[in-house]
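Let's take a friendly walk through this model together. Please have the sequence and the 3D view at hand.

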Amino acid sequence: MALINTYDGRLLLSETTVGAGAQVLLLAFLGTAIGLGPAGWLTGLAFGLATWAVLNRALLRTRTRTFGPANRVTLGRAILVGAVTALVADSFQSSPPVSLFVGLTAVALILDGVDGKVARRTGTSTALGARFDMEVDAFLILVLSVYVSMSMGPWVLLIGLMRYVFVAAAKVAPWLNNSLPHSMARKTVAAVQGVFLLVAASGLLPYAAGFGFVALALGSLLWSFGRDVVWLFRNREGAAEPTATTTATTTATATATATARATAPVHETVTVTIEPAVERRTAELVTS
């Protein structure tokens, strides 16, 4: 907690607080523009508060000194995701304007290709930034799958829940935390999830075509997950055993579901150790 009393700590807190304030302002705009209901307001505010609290805790634990331009882009995307989440929650009572829903989601997906590039160009790539990016991506996919499932059935939820199921399974089977080899196929599968879900949610295509897009997204995701689980299982004996010199580790589950770029895989789990290999492993996280 000492960091929060320093100048750097207060500056970090001010940045995250500005983000939380921007979330409230965007919700207020939606409330004025479309009459956002209580469910949307409560869900959006809960998302903003949770983002603020979790991000501050992560910044404090990692003793980050500067927020960085890339994290600002990711925070902006998180604010948009909060608005999309509010619209989805409100849609259980009344359907949001499709153009507004698609517009906010599309901008959030497009910006997914920006933060990684900014991080590399400014030399500010960090494991925390990669994790923040990944969590925003994963939650957006979950929210989109909830929205699409209302018209196509609960099976669509598998797309959004699969990453979280994988993380939970890794708690029981630690070998799932091992690093995966680079795979362009995995990145491609990750990239199409949000695009296909947004196309289906937009209603621009006939129902059968939208259904086919979502089914294809789920099928490719199941194939990609299955292939990687098999690889991890076959190579589980080769995992390095933890030692006293590697107890200070940070586990970052890279499951980026970027759609405007082929970013970190939806289910790629990487362990970043505080050793000379940290730069290489961090680079595996921030591939956008």
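Arg131 is partly exposed, with a relative accessible area of 30%; partly exposed lies between buried, under 20% relative accessible area, and exposed, over 50% (1.4 Å probe, protein chains only). Glu135 is partly exposed as well, at 24%. These two residues form a salt bridge whose closest N and O atoms are 2.8 Å apart. A salt bridge here is a side-chain nitrogen of Lys or Arg within 4 Å of a carboxyl oxygen of Asp or Glu. Arg131 and Glu135 are four residues apart in helix α6 (residues 127-152), so about one helical turn separates them.

A word on the basis of these values: this is a predicted model, in which local features need pLDDT of at least 70 and side-chain atom pairs count only at pLDDT 80 or more, while totals for chains, interfaces and linings use all residues. Residues are numbered from 1 along each chain as its sequence is written, and side-chain values use heavy atoms, with hydrogens and water left out.

The structure holds nine salt bridges, and three of them are set out here.

| Salt bridge | Closest N and O atoms |
|---|---|
| Arg131 with Glu135 | 2.8 Å |
| Asp115 with Arg77 | 3.1 Å |
| Asp228 with Arg227 | 4.0 Å |

Asp115 forms a salt bridge with Arg77. Asp115 lies in helix α5 (residues 115-122) and Arg77 in helix α3 (residues 69-90), so this pair ties together parts that are 38 residues apart in sequence.

Elsewhere, salt bridges that share partners join Arg77, Asp112, Asp115, Asp133 and Asp137 into one network.

Now to helix α4 (residues 98-110). The 13 residues of α4 should span 18 Å at 1.5 Å a residue, and its end C-alpha atoms are 18 Å apart, which agrees; the expected span is 1.5 Å times one less than the number of residues. In α4, Phe101, Leu104, Thr105, Ala108 and Leu109 are buried. They cover an arc of only 135 degrees around the axis, so they sit on the same side of α4; the arc is that of the directions from the helix axis to the C-beta atoms. On the other side of α4, Ser99 and Ile110 are exposed.

Phe101 also belongs to the largest nonpolar core, which has 53 residues; Phe101, Val148, Ile159, Leu197 and Val214 have the most contacts inside it. Such a core is a set of buried Ala, Val, Leu, Ile, Met, Phe, Trp, Tyr and Cys residues joined through side-chain atoms within 4.5 Å. Elements giving two or more residues to this core include α1 (7-34), α2 (38-62), α7 (157-172), α8 (184-202) and α9 (207-234). Leaving aside neighbours within four places in sequence, Val148 is in contact (heavy atoms within 4.5 Å) with Gly153, Val156, Leu197, Ala200, Ala201 and Val214.

Finally, the whole chain. The protein chain has 10 helices and two strands; these are DSSP runs numbered from the N terminus, with helices (H or I) of at least four residues and strands (E) of at least two. Of its 288 residues, 46% count as buried.
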